[in-house]
Amino acid sequence: MPLDPLAKRLLTMMAAAGPQVRNRPSVEARRQSLAKLMQFARTDAPDVTVSDGTLPGPGGELPYRLYSPATAAERAPGFVFFHGGGLVAGSVATHDRIAAALAHATGCRLVSVDYRLAPEHKFPAAVDDAIAATEWVAREASSLGIDAGRLVVGGDSAGATLAAIVCQEALQNAGLSIVAQCLICPVLDFEETSPSREAFAEGHLIDRITIEADLADYLPGGIDAADPRISPLRATRFAGLPTAIIHTAEFDPMRDEGNAYARKLLAAGVTVEHVCHDGMVHNFHAMGAILPQAQLVLSQIGEQVRRAVEK
């Protein structure tokens, strides 16, 4: 299908407002840009209450925000959420509306985690934080009003990278029960450049220059990008992973790797619900003020998660 007209209009407006010549963005510019973009998020979650706290991480206390739908049971399913932003940008605050909307749609008590960002904290800081946060939620489930036997791990963009890695690590190390993984526009492979990364390298919300800058800020020198803790698509074991809910977008540079991950999981016998959204761009789910499809996909994810946690 062609690019959605509303998405095309957004990209045209962004191109007109941007510089004529694209240079590598500074970390601060990257963070400000994402914060502005996330203002287009819209949430219809009036019944969700919020409380903030901290949890113990490997490098110190990590802030988190707990979202509780009014309809949630005393012991509700849990959803550990990791925000996107290339592992250098984003926060609990930037993704507040998305997290609230996901809590509302899924009926889960959702814990949004402020993991450490690069370049101040390079790989594997974010991965270590994500694993520690998930383990903490599982341990403290009762005090959080969460049923530890119905735990979902998910995220968008680079947050989905972390979610996929957490699930792979849990499979290898046991002791942590995750019933589903929810990956929205996931970034899963830094080893090879896919056709979609080439086709949409410029002018499709997130460009090659930004992706390469994020990776350079995130990885220490000498690290192999094929490491599955960087590129989850490069893992060698997929059988036994949790049910996967994967949403990709037709005009997203990361489309092919998300689609490939869905295929690998299916081939390994994992239950997968995968939708590639026609005409959409990266991060479309977080632009409900502009794209009606954003509201639809969040509702769809809600239905999928509810099915997964009730099996």
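This is a predicted model: local features need pLDDT of at least 70, side-chain atom pairs count only at pLDDT 80 or more; totals for chains, interfaces and linings use all residues.
Visitor: Where in the chain do Tyr-64 and Trp-136 lie?

Guide: Tyr-64 belongs to strand β2, residues 60-69, and Trp-136 to helix α4. They are 72 residues apart, so the pair links distant parts of the chain.

Visitor: Is Tyr-64 called buried or exposed, and on what value?

Guide: Tyr-64 has 12% relative accessibility. The limit for buried is under 20%, so Tyr-64 counts as buried. Trp-136, with 10%, is buried by that limit too.

Visitor: Why is the pair of Phe-79 and Phe-81 called tilted?

Guide: The ring centres are 6.4 Å apart, within the 6.5 Å limit. The planes stand at 55 degrees, which falls between 30 and 60, so the label is tilted. Phe-79 has a relative accessible area of 1% and is buried. Phe-81 is also buried, with 1%.

Visitor: How many aromatic pairs does this rule give?

Guide: The count comes to six.

Visitor: Why is helix α3 described as largely enclosed?

Guide: Helix α3 spans residues 96-106, and eight of its 11 residues are buried, so the rest of the structure largely encloses it. The buried residues are Ile-98, Ala-99, Ala-100, Ala-101, Leu-102, Ala-103, Ala-105 and Thr-106.

Visitor: What covers the buried residues of α3?

Guide: The cover includes strands β1 (48-57), β2, β3 (76-82) and β4, along with helix α10. Just after α3 comes Gly-107, with a positive phi of about 75 degrees.

Visitor: How do you know that Leu-62 is buried?

Guide: Leu-62 has a relative accessible area of 3%, and the limit is under 20%, so it is buried. Leu-62 lies in strand β2. Leaving out residues up to four places away in sequence, Leu-62 touches Gly-53, Thr-54, Leu-55, Gly-57, Asp-114, Tyr-115, Arg-116 and Asp-129. Asp-114 is 52 residues from Leu-62 along the chain, yet their C-alpha atoms are separated by 6.0 Å.

Visitor: Which residues have the most contacts inside the largest nonpolar core?

Guide: They are Phe-82, Tyr-261 and Leu-265, in a core of 99 residues. Helix α6, residues 158-173, gives the most to this core, with nine residues. In soluble globular proteins, nonpolar side chains tend to be buried together.

Visitor: What does Leu-265 contact beyond its neighbours in sequence?

Guide: Setting aside neighbours within four places, Leu-265 is in contact with Gln-181, Phe-238, Leu-241, Ala-244, Ile-246, Val-270 and Val-272.

Visitor: What makes α4 and α6 packing partners, and at what angle?

Guide: Helix α4 covers residues 125-139. Its axis and that of α6 are 9 Å apart, at an angle of about 65 degrees. The crossing of α4 over α6 is right-handed. From α4 come Ala-126, Val-127, Ala-130, Ile-131 and Thr-134; they meet Leu-162, Ile-165, Val-166 and Glu-169 of α6. The residues of this contact divide into seven nonpolar, one polar and one charged.

Visitor: Which peptide bonds are called cis, and on what omega values?

Guide: The bond from Ala-118 to Pro-119 is cis, with omega near 5 degrees. The bond from Phe-123 to Pro-124 is cis as well, with omega near 10 degrees. Pro-119 sits in the loop between β4 (109-113) and α4. Pro-124 also sits in the loop between β4 and α4.

Visitor: What phi values do Leu-205 and Asn-283 have?

Guide: Leu-205 is not a glycine, but its phi is positive, about 80 degrees. Leu-205 is in the loop between α7 (195-199) and α8 (208-218). Asn-283, also not a glycine, has a positive phi of about 70 degrees. Asn-283 lies in the loop between β8 (272-277) and α10 (292-310).

Visitor: Is Asn-283 buried or exposed?

Guide: Its relative accessible area is 6%, against a limit of under 20%, so Asn-283 is buried.

Definitions and conventions. Residues are numbered from 1 along each chain as its sequence is written. Side-chain values use heavy atoms; hydrogens and water are left out. A nonpolar core is a set of buried Ala, Val, Leu, Ile, Met, Phe, Trp, Tyr and Cys residues joined through side-chain atoms within 4.5 Å. Buried means under 20% relative accessible area, exposed over 50%, partly exposed in between (1.4 Å probe, protein chains only). Helices (H or I, at least four residues) and strands (E, at least two) are DSSP runs, numbered from the N terminus. Contact means heavy atoms within 4.5 Å. Axes are lines fitted to C-alpha atoms, for helices over the stretch in contact, and angles run from 0 to 180 degrees between N-to-C directions. A crossing is left-handed if the near helix is turned anticlockwise from the far one by less than a right angle, and right-handed if clockwise. Ala, Val, Leu, Ile, Met, Phe, Trp, Tyr, Cys and Pro count as nonpolar, Asp, Glu, Lys and Arg as charged, and the others, Gly among them, as polar.
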